[in-house]
Amino acid sequence: MTLQQIQLPVSFVVFLVLFCDGIGLLRSVKANATTVLFSGKGPSMVLPLFLSSPNASRASANQLRHLQMSDSKTGRNARMRLYDDLVLNGYYTTRLWIGTPAQRFAVIVDTGSTVTYVPCLNCERCGRHQDLGFQPELSSTYQPVKCNIDCNCDDDKELCVYERQYAEMSTSSGILVEDFISFGNQSELSPQRAVFGCENLETGDLYNQHADGIMGLGRGDMSIVDQLVEKGAISDSFSLCYGGMDIGGGAMVLGGMTAPSDMVFTYSDPDRSPYYNIDLKEIHVAGKPLHLNPRVFDGKHGTVLDSGTTYAYLPETAFVAFKDAILKELHSLQQIRGPDPNYSDICFSGATSDLSKLSSVFPTVEIVFGNGQKLLLSPENYLFRHSKLHGAYCLGIFQNGKDPTTLLGGIIFRNTLVTYDRENSKIGFWKTNCSELWERIHTNGDPSPGYSSISGRNSSSEMPPTPAPRGEPHYIISDELQIGQVTFKMSLNIKYSDLKIGLTNLTKAFAQALGIEISQVRLLNLTSKGNDSFLAWALVPSGSSNYVSKRTALSIIAQVAEHRMQLPEKFGSYQLIQWTIEPPNRIWRQQPHKLVVLVLVIVTLILGLLASGIWFIWRRRQQTLNSYKPVNAPAPEQELQALYKT
């Protein structure tokens, strides 16, 4: 969602506190790696005014601590894959399956929200999203949450309802329902009953977003984490790991996991703020500390981590010092305008397009915690690519208006495993290749081995991210279905005029990236909107084959969907919108000669009937013109005409 600076009168603040069950932390949706969407003179972030009852949920969690600790020893957790929608939409998503039988949804992982919600299918004021809305009537385990003293009720006092309003004034509201939620077939955690929202109204960026809904990971009774902890299903911990700048994906673990020995931890005070916060004291640029009072990072809500926000936002004093320190180190680069003239992005040209060499051009940054521990930030942790110029980058850290809160969004923690150890009130950080982490934890439940870039251990080196292993992808295609064609709809971050002249090369690039023949790639459609191009292309069988093998189709779908298809940089970044499977046309592919014969027969019949009709009409006309009439044959009566005298 876009971030906007809002001014609220005190009376309105009181109204919201009294009548809203809670307001989740803002998220930067629709902000991509090319444009930061703000209003006013500069980027700003406004935290919500209230969050629902965090203390009550903490009390429940503390009562179950003994059970949680015993459960954590069993190693039960939900291990889930993350999908990178950061470039186009500004967020990461995961998949949830809800109901019996299960219905699939793509949800934004958001540590700043406390409610999980997806649209109801019958919602008339919801946008068009990635999947169909939730259909309660199709689930045999569905139950609405009846009105009670612990919830807000609808006007009829029959059902519990929820309403969430975010800082940029987008809203979500609907009814609270309960059903089984499954976390995927790679999770050890069995499906669990949980309460979530079924939307019947969306406004603002929630209405326009591609993802179906939100997975609330924040602190609060409605949080999916709190619900699982209260049931004793998982220990009071979860972890997120976002992929890098060019290679997306990543992993999420609900529940405990083995922490690497060199993971850096910092204290997270649950009473300091309803949001996940850390004890940030200093920022170093190129090894030199910024000259700041450490208290600058402790204003208002302190230093907050929010996985649903794209970029990072510093108080004014800290931002100015950070920007000046970065500019001082970039002697060989030229400062240029940002990709969108409406915003004053700080961008630089003349850098390399090779991500592994960025550290030789841009300075490293370290954040220092209150306990003296340091976390190294590589350039990809504070930059985003300029969308209109190759080898150009822009700062992904902005001034937070006049708000003294420090907000660290997803960009800061690319290729960093972040463990939210709520049970022990601490948050851990460990530099690793997040696009590979899924395979490591799936294999043995342990994030190691990997690489660590924690300060003090070869902090100047940087390992470039590598694609995830190409194992059997986890996409479902019926065994009975023969695949005649796989269609992909996607957007490319490149102008239509630039793309149109290179379509042949793009087709070759698709084929080479996927390891297939160029004859198997068919461009079906090409349109444009602004600086983006939208295209549909198809994977078809090779040679004389009648269908695409299931294994080949699954492998290619996974490569495209998980951003493992590497296109030349001149085509920009891509975002998959939809993929579909089409069965082979048996008449056309398997019996082409019969199709030709059938067409000829139909054409012959049509021509024969047409000729017969013309001949019949001609004969009737001739008979009418030459017909013989006897002298005494009666003639048809004629209407009498009046006689006028002259």
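Predicted model: local features only at pLDDT ≥ 70, side-chain atom pairs only at ≥ 80, totals over all residues.
Figure 1. While you're looking at aspartate 306, check its side chain: a polar contact of 2.7 Å joins it to the side chain of threonine 309.

**Figure 2. Tyrosine 311 meets phenylalanine 398.** This is one of the 18 aromatic pairs in the model. The ring centres of tyrosine 311 and phenylalanine 398 are 5.5 Å apart and the planes make an angle of 80°, so call this one edge-to-face. Tyrosine 311 belongs to the loop between β18 and β19, while phenylalanine 398 is in strand β26 (residues 397–399), so the pair ties together parts that are 87 residues apart in sequence. Are the two residues buried or exposed? Tyrosine 311 is buried, with 2% relative accessibility, and phenylalanine 398 is buried as well, with a relative accessible area of 5%.

**Figure 3. Phenylalanine 362 and tyrosine 393, another edge-to-face pair.** Here the rings of phenylalanine 362 and tyrosine 393 are 5.8 Å centre to centre, with 80° between the planes. Phenylalanine 362 comes from the loop between β21 (347–349) and β22 (365–369), and tyrosine 393 from strand β25 (residues 393–395), so this pair ties together parts 31 residues apart in sequence. Elsewhere, ring pairs link Phe105, Phe134, Tyr142 and Phe196 into a cluster.

**Figure 4. Cysteine 120 to cysteine 198, a disulfide between distant parts of the chain.** The structure holds six disulfides, and this one has its sulfur atoms 1.8 Å apart. Cysteine 120 is in the loop between β5 (117–119) and β6 (143–144), cysteine 198 is in strand β10 (residues 192–202), and the two are 78 residues apart. Cysteine 120 is buried, with a relative accessible area of 10%, and so is cysteine 198, at 0%. If you like to keep track of who bonds with whom, number the bonded cysteines in sequence order and the pairing reads 1-8, 2-3, 4-6, 5-7, 9-12, 10-11.

Figure 5. For cysteine 123 and cysteine 126, the S to S distance is 2.0 Å. Their link is right-handed, with 85° about the S-S bond, and both cysteines are buried. In the disulfide of cysteine 147 and cysteine 153, the sulfur atoms are 1.9 Å apart. The torsion about that S-S bond is about 90°, so the disulfide of cysteine 147 and cysteine 153 is right-handed. How exposed are its two ends? Cysteine 147 is partly exposed, with a relative accessible area of 27%, and cysteine 153 is partly exposed as well, at 22%.

**Figure 6. Asparagine 77 and its surroundings.** Asparagine 77 is placed in the loop between α3 (65–74) and β1 (78–81). It is buried, with a relative accessible area of 2%. The side chains of asparagine 77 and arginine 79 make a polar contact of 3.0 Å. Which residues touch asparagine 77, leaving aside its neighbours within four places in sequence? They are Ser187, Glu188, Leu189, Ile234, Val253, Leu254, Gly255 and Gly256.

**Figure 7. Helix α10 and what it packs against.** Helix α10 (residues 503–514) has 12 residues and reaches 17 Å from its first C-alpha to its last, close to the 16 Å expected. Its buried residues are Leu506, Thr507, Ala509, Phe510, Ala511, Ala513 and Leu514. To see their partners, look at β30 (485–492), α9 (496–500), β31 (521–529), β32 (532–539) and α11 (550–561), the elements these buried residues of α10 pack against. What follows α10? Glycine 515 does, and its phi is positive, near 70°.

Key
Residues numbered from 1 in each chain as written. Heavy atoms only, no water. Disulfide = S-S within 2.5 Å. Helix = DSSP H or I, 4+ residues; strand = E, 2+ residues; numbered from the N terminus. Buried < 20%, exposed > 50% of the residue type's maximum accessible area, 1.4 Å probe, protein only. Expected span 1.5 Å × (residues − 1). Contact = heavy atoms within 4.5 Å. Polar contact = N/O pair within 3.5 Å; in protein donor to acceptor, adjacent residues only side chain to side chain. Phe/Tyr/Trp six-rings, centres within 6.5 Å; stacked < 30°, edge-to-face > 60°.
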